[in-house]
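Open the model in your viewer and keep the selection panel at hand.

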Amino acid sequence: MDFSSVKGKVVIVTGASRGIGEAIAKVYGENGMKVVCAARSKEQGQIVADEICAKGGDAIFVQTDCGDIGQIKALVNTAVAHYGKLDGVVSNAGIGQGGFPLHEYEMEEYDRIFALNSKGVFAGMKYGAEAIFKSHSEGGFLINVASVAGIVPQRGQALYTATKHGVIGMTKSAALDYAYYGITVNAICPGYTRTSIFGNAPEQALTMFAKDCPAGRMGNPEECAYLALFLASDMARYITGAAIPVDGALAAGHQNVSTWKHPEIRE
């Protein structure tokens, strides 16, 4: 596998201070991409950018609240001003919210999650696409980090599920808009992944998530990052409009009882 085609590409990664965003930013940096790390946390975001540079990469940090449209526009402008162009945007910043039946959510919770998970992604795509066109980028791309919840709705997750379904819908529609012009648009849909989105969840809860997954384990952020690298490369130029699960078969279907006739084959 040759990822030399990504070398020198300028990319914005939102939510780059931790978790999947951090993993994507670092994998991009390791493969020669120029990474604009964006996040609310100035301290942690700068650490990620510094770590990329310390390993021979090229990265800057721009403190950004991705729920603020004006700040996203400024982020794109800063990236272009610093590197002279823009080739891609990974809209990863988002928040989790769940565990309650729909009627128990407050309107303020609706506004908060849609501002970041939906409007923020739209702004990243809008201003990103404009800058990619103006940069005359060859191999431009938009990647949205959605969720397995955008494919299979989850109980107690009405608002989160709605935002992620919306992200996948925007992804597919934008892919149709830009396919002729050589800009790919795809969504990565993580399943249960060991990131800070689980907060201080007890180990018992993490064990439950692992058992709920057909693969029998939770995912690692790097497993999403390697897919993001592939989607940014020339090897994926004909892949657009896809919502790709990285979930250990969680979204593939409902688990049932299955008995092996010849279990000895596994020995």
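**Surface patch**

Start by selecting Phe-133, Tyr-180 and Tyr-181: in this predicted model they make up a nonpolar patch on the surface, with about 420 Å² of accessible area together. Tyr-180 sits in the loop between helix H5 (158–178) and strand S6 (184–190). Is Tyr-180 buried or exposed? Tyr-180 counts as exposed because its relative accessibility is 76%, and the cut-off for exposed is over 50%.

**Into the core**

Now select Ile-12, Val-36, Leu-86, Leu-142, Tyr-178 and Val-185. Of the 40 residues in the largest nonpolar core, these touch the most other members. Strand S1 (10–14), strand S2 (34–39), strand S3 (58–63), helix H3 (69–83), helix H4 (107–134), H5 and S6 each contribute at least two residues to this core. Colour H4 separately: H4 gives the largest share, nine residues. Apart from this core lies another, of 32 residues, including Val-35, Val-48, Ala-49 and Ala-236.

Return to Val-185 and show its surroundings. Beyond residues up to four places away in sequence, Val-185 touches Met-125, Leu-142, Thr-171, Ala-174, Ala-175, Tyr-178, Thr-240, Gly-241 and Ala-242.

Finish on Thr-184, which is in strand S6. Thr-184 is buried because its relative accessible area is 2%, where buried means under 20%. Which residues is Thr-184 in contact with, leaving aside its neighbours within four places in sequence? The contacts of Thr-184 are Gly-140, Phe-141, Leu-142, Leu-231, Ala-236, Arg-237, Ile-239 and Thr-240.

Methods:
Residues numbered from 1 in each chain as written. Predicted model: local features only at pLDDT ≥ 70, side-chain atom pairs only at ≥ 80, totals over all residues. Heavy atoms only, no water. Patch = residues over 30% accessible without salt bridge, like charges linked within 9 Å, V, L, I, M, F, W, Y side chains within 5 Å. Areas by Shrake-Rupley, 256 points an atom, 1.4 Å probe, with all protein chains shown as cover. Salt bridge = Lys/Arg side-chain N within 4 Å of Asp/Glu carboxyl O. Helix = DSSP H or I, 4+ residues; strand = E, 2+ residues; numbered from the N terminus. Buried < 20%, exposed > 50% of the residue type's maximum accessible area, 1.4 Å probe, protein only. Core = buried A, V, L, I, M, F, W, Y, C linked by side-chain atoms within 4.5 Å. Contact = heavy atoms within 4.5 Å.
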